[in-house]
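Take a look at the chain first, then work through the points below.

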Amino acid sequence: MGRRTSPVAALCLVLAFAAAAVPGLATDYTVGDSAGWAIGTDYDTWASGKTFKVGDNLVFKYTGGHTVDEVKSADYSSCTTGNSISTDSSGSTTIPLKTAGDHYFICAITGHCSSGMKLSVKVVAASAGTPPTATAGTPPTSSTTPGSSTTPTDASSAASLAIPALGVVVVSWVSRVVLSFV
Ligand SMILES: [Cu+2]
């Protein structure tokens, strides 16, 4: 019994695949992957090839003695601290990417930014790449009957009723034909 895959684990696996297959879901990016937020990682390399979207999160993981400061472009370039938009030193900082455009992060501990603890990411709008056709197919009559609970009589619901009824007719016909040969 112990060797069998538990249903919960199997379900998690299925959900993980489903999440990976469906575009547009928010992604959590662990900055630096297994290296985390530390001196000695090239964050330009880490960020290259990734497409960050509005709604994604940057997750900075680090030991004590570092900070995550969001800064302006100029302060990123010059490693200037003191003008930070936000700062955190909790050891696990999650930054929700709320706006499109360039976002800049540095460690505010003296010398760390100039030693490479700096990250810039380009964030694109969440809708990029998906056609804006969300309202296509909305029934045009929905706004004319607010609160109405009457059953819609469009073609699709008529078909959903007709198909089982047709099945019953076919089955009874077939069974009568079969019985006539017995
Ligand atoms: Cu640091």
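Cys79 sits in the loop between α3 (73–78) and β5 (86–88); helices (H or I, at least four residues) and strands (E, at least two) are DSSP runs, numbered from the N terminus. Keep in mind that this is a predicted model, in which local features need pLDDT of at least 70, side-chain atom pairs count only at pLDDT 80 or more, and totals for chains, interfaces and linings use all residues. Residues are numbered from 1 along each chain as its sequence is written.

- Cys79 has a positive phi of about 55°, although it is not a glycine.
- Cys79 is partly exposed, with 18 other C-beta atoms within 10 Å; a residue is buried if 20 or more other C-beta atoms lie within 10 Å of its own, exposed if 12 or fewer, and partly exposed in between, with C-beta atoms placed from the backbone.
- Asp33 is another residue other than glycine with a positive phi, near 50°.
- Asp33 belongs to the loop between β1 and α2 (43–47).
- Is Asp33 buried or exposed? Asp33 is exposed, because 10 other C-beta atoms lie within 10 Å.

**The chain as a whole**

- The chain holds 4 helices and 8 strands.
- Starting at the N terminus, the order of elements is α-β-α-β-β-β-α-β-β-β-β-α.
- Of the 182 residues in the chain, 15% are buried.
- Two residues are in contact if their C-beta atoms, placed from the backbone, lie within 7 Å. Among contacts in the chain between residues at least 6 apart in sequence, 69% join residues at least 24 apart.

**The open sheet β1-β3-β6**

- An open sheet is formed by 3 strands in the order β1-β3-β6, with mixed pairing; two strands pair if DSSP finds at least two bridges between them.
- β1 (28–30) and β6 (92–96) are the edge strands, and each pairs on one side only.
- On average, neighbouring strands of this sheet are turned by 20° against each other, direction ignored; the axes are lines fitted to C-alpha atoms, for helices over the stretch in contact, and angles run from 0 to 180 degrees between N-to-C directions.
- β1 and β3 (residues 57–61) run parallel and are joined by 3 bridges.
- Within this pair, Asp28 has Asn57 of β3 as its bridge partner, and Thr30 stands opposite Val59 in β3.
- β3 and β6 run antiparallel, joined by 5 bridges, and Leu58 stands opposite Ile95 in β6.

**The strands paired with β8**

- β7 and β8 pair in the antiparallel sense over 6 bridges, with Phe105 opposite Leu119 in β8.
- β2 (residues 52–53) and β8 run parallel and are joined by 2 bridges; Phe52 has Val123 of β8 as its bridge partner.

**The nonpolar core**

- How many residues does the largest nonpolar core have? The largest nonpolar core has 18 residues, and those with the most contacts inside it are Val31, Trp37, Leu58, Phe60, Ile106, Cys107 and Met117. A nonpolar core is a set of buried Ala, Val, Leu, Ile, Met, Phe, Trp, Tyr and Cys residues joined through C-beta atoms within 7 Å.
- At least two residues of this core come from each of β3, β4 (68–71), β7 (101–106) and β8 (118–124).
- On β3, Leu58 and Phe60 make up the covered face, while Asn57, Val59 and Lys61 make up the uncovered one.
- Phe60 touches Val31, Trp37, Val68 and Thr93, not counting residues up to four places away in sequence.
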